[in-house]
Amino acid sequence: MTSGKTRDEIAEAYSSEPWWYDIRGFFILTFAYNSTIGTQMRFFGPNFGPDHLEVACGTGTLLEMILNWRRRRQLPKVNVVGIDYAPSMLAGARKRFAKDPQVKVQHADAADLPFPENHFDTANIANSIHCFPTVDGALRDILRVLKPGGTLAANVLLYPSGFAPLRWAAQKINDWGIRKGILYSPFEENEIRQKIITSGYEIASEFKSGNTWNVIARKPQATGLA
């Protein structure tokens, strides 16, 4: 069992210097998620519509990598709004994108987004659902600001599985993350899938990789007449 953290407690847990956050994140990605940067760029990179919301963007390191991945493939330019609740993370992202007019970074709570309904074409949640204090509230509010037919791409940290040495290493990292306050809890695959469906999404595609469940979920098209 884990004890819940408030938004401000989680923000405080993410008060590290941006460079340390990035190094720490690499080890968490490799040994807890059992994933790679390349896998993430290929998964999240295609899910960018003309107006895109990047939820819990952190220092913006992964977002910058993904946008560069898109540029190398000459994919369409997009307007991106990146949000995070931790001031130190936002400071790193603001510095990173200071000269990029297509990326705007602002402070916001994923469960109480300061945007109108039906505003974004796409949204991504990369490596961060596990730290949301109110996962259901965040999923519902992201759905609210997506346009009908818009898609959410998310990867979700699952409880460790696989060979014992890797499973033990992942569990040690997860236990540390819970103590530190940067991890609320991993998920069971069926549990998080049901949360997404209950929030109102349709599952468009999904696959498991390592200790990670990757999902593309779609906001249903509007039906009926206004």
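1. How many bridges join strand E6 to strand E7, and do these strands run parallel or antiparallel? In this predicted model, strand E6 (residues 202-209) and strand E7 (residues 212-218) run antiparallel and are joined by 7 bridges. Glu 202 has Arg 218 of E7 as its bridge partner, and in the hairpin that the two strands form, with 2 residues between them, Gly 210 takes a positive phi near 65°.

2. On confidence, the protein chain averages a pLDDT of 82, and 71% of the residues score at least 70. Over residues 9-15, however, pLDDT stays under 50, although the model has 21 contacts beyond four places in sequence for this stretch. Where pLDDT is low, the predicted coordinates should not be read in detail.

3. The sheet is open and consists of 7 strands in the order E3-E2-E1-E4-E5-E7-E6, with mixed pairing. Strand E3 (103-107) and E6 stand at the edges, and because each has a single partner strand, one side of each is left without a neighbour in the sheet. From one strand to the next, the twist averages 15°.

4. Strand E1 (residues 51-55) pairs with strand E2 (residues 79-84) in the parallel sense over 5 bridges, and the bridge partner of Asp 51 is Asn 79 in E2. Helix H3 (residues 37-44) packs on the sheet, where it touches strand E4 (120-125), strand E5 (146-157), E6 and E7, and its direction makes about 165° with that of E5. Helix H8 (residues 189-198) also packs on the sheet, touching E5, E6 and E7, with a direction that makes about 15° with that of E7.

5. Helix H4 (residues 61-72) has 12 residues and reaches 17 Å from its first C-alpha to its last, which is close to the 16 Å expected at 1.5 Å a residue. The buried residues of H4 are Thr 61, Leu 62, Leu 63, Ile 66, Leu 67, Trp 69 and Arg 70, and just after the helix Gln 74 takes a positive phi of about 55°.

6. Together, E1, H4 and E2 make a right-handed β-α-β unit. Strand E2 is largely enclosed by the rest of the structure, because 5 of its 6 residues are buried.

7. E2 is also joined to E3, by 5 bridges, and these two strands run parallel; in E3, His 107 is the bridge partner of Asp 84. The chain crosses from E2 to E3 through helix H5 (residues 87-96), and this β-α-β crossover is right-handed.

Conventions. Residues are numbered from 1 along each chain as its sequence is written. This is a predicted model: local features need pLDDT of at least 70, side-chain atom pairs count only at pLDDT 80 or more; totals for chains, interfaces and linings use all residues. Side-chain values use heavy atoms; hydrogens and water are left out. Helices (H or I, at least four residues) and strands (E, at least two) are DSSP runs, numbered from the N terminus. The expected span of a helix is 1.5 Å times one less than its number of residues. Buried means under 20% relative accessible area, exposed over 50%, partly exposed in between (1.4 Å probe, protein chains only). Two strands pair if DSSP finds at least two bridges between them. Axes are lines fitted to C-alpha atoms, for helices over the stretch in contact, and angles run from 0 to 180 degrees between N-to-C directions. Contact means heavy atoms within 4.5 Å. pLDDT is the predictor's confidence in each residue, from 0 to 100. A crossover is right-handed if, with the strands pointing away from the viewer, the path from the first strand over the helix to the second runs clockwise.
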